[in-house]
Amino acid sequence: SRLADFLNNCQPSPLTASGCLKDSAGLCLRAYAGLIGTIMTPNYLSNSSADVSLWCNCEGSGNQWQDCLRLQRMFTHNPCLRNSISWMGSPGSLPADFTPLPAPRPSPLVQEDELLSNNHLPEHNNIV
């Protein structure tokens, strides 16, 4: 749900001042921050810019290579995201938007590990 939120709120558009289709750098920045701590956590490419990229590449994507490249470009070639990150910390530059982030959910592997670790079989005590 957090990736969907990012894809929805960080759609680039050359027709708006923010560079965002929804013309809200604040919504994009909030959606971007929502990705931190998930498997989709982006990395900054350098200390001197707001350029970010996913930690993975598209090698081995098979017949979904084009989809993978499109997703990577949402991070590497996205004026909406770049402007949102650049404007972060500039007072009054981002609109106040109080839309809550989606609730965090652990990945299926974490959920499975928790179920396995909490699902102990009772010890057999032969009580007569």
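Predicted model: local features only at pLDDT ≥ 70, side-chain atom pairs only at ≥ 80, totals over all residues.

1. Leu-27 counts as buried, at 18% relative accessibility, where buried means under 20% relative accessible area, exposed over 50% and partly exposed in between, with a 1.4 Å probe and protein chains only.

2. Residues are numbered from 1 along each chain as its sequence is written, and side-chain values use heavy atoms, with hydrogens and water left out.

3. The protein chain has five helices and two strands, arranged along the sequence as α-α-β-β-α-α-α; helices (H or I, at least four residues) and strands (E, at least two) are DSSP runs, numbered from the N terminus. Of its 128 residues, 27% count as buried.

4. The buried residues of helix 2 are Ala-25, Gly-26, Leu-27, Cys-28, Leu-29, Ala-31, Tyr-32, Gly-34 and Leu-35. Their cover includes helix 1, strand 1 (43–44), strand 2 (52–53), helix 3 and helix 4.

5. Helix 1 (residues 2–9) packs against helix 2 at an angle of about 155 degrees, with the axes 8 Å apart; axes are lines fitted to C-alpha atoms, for helices over the stretch in contact, and angles run from 0 to 180 degrees between N-to-C directions. Helix 1 is therefore roughly antiparallel to helix 2, a label for angles over 145 degrees, whereas those under 35 count as roughly parallel, 65 to 115 as roughly perpendicular and the rest as oblique. The contact (heavy atoms within 4.5 Å) involves Arg-2, Leu-3, Asp-5, Phe-6 and Asn-9 of helix 1, and Leu-27, Cys-28, Ala-31, Tyr-32, Gly-34 and Leu-35 of helix 2.

6. The axes of helix 2 and helix 4 come within 9 Å and cross at roughly 90 degrees, and these two helices are therefore roughly perpendicular to each other. Here the contact is made by Ala-25, Cys-28, Leu-29 and Tyr-32 of helix 2, together with Cys-80, Leu-81, Ser-84, Ile-85 and Trp-87 of helix 4.

7. The largest nonpolar core holds 16 residues, of which Phe-6, Cys-10, Tyr-32, Phe-75 and Leu-81 touch the most other members; such a core is a set of buried Ala, Val, Leu, Ile, Met, Phe, Trp, Tyr and Cys residues joined through side-chain atoms within 4.5 Å. Helix 2 (25–35), helix 3 (65–76) and helix 4 (79–87) each supply at least two residues of this core, and helix 2 gives the most, with five. Leaving aside residues up to four places away in sequence, Tyr-32 touches Phe-6, Pro-42, Tyr-44, Val-52, Leu-81 and Ile-85.

8. Asp-23, in the loop between helix 1 and helix 2, has a positive phi near 55 degrees despite being a residue other than glycine, and Asp-23 is partly exposed, with a relative accessible area of 43%. Just after helix 2, Gly-37 also takes a positive phi, of about 95 degrees.
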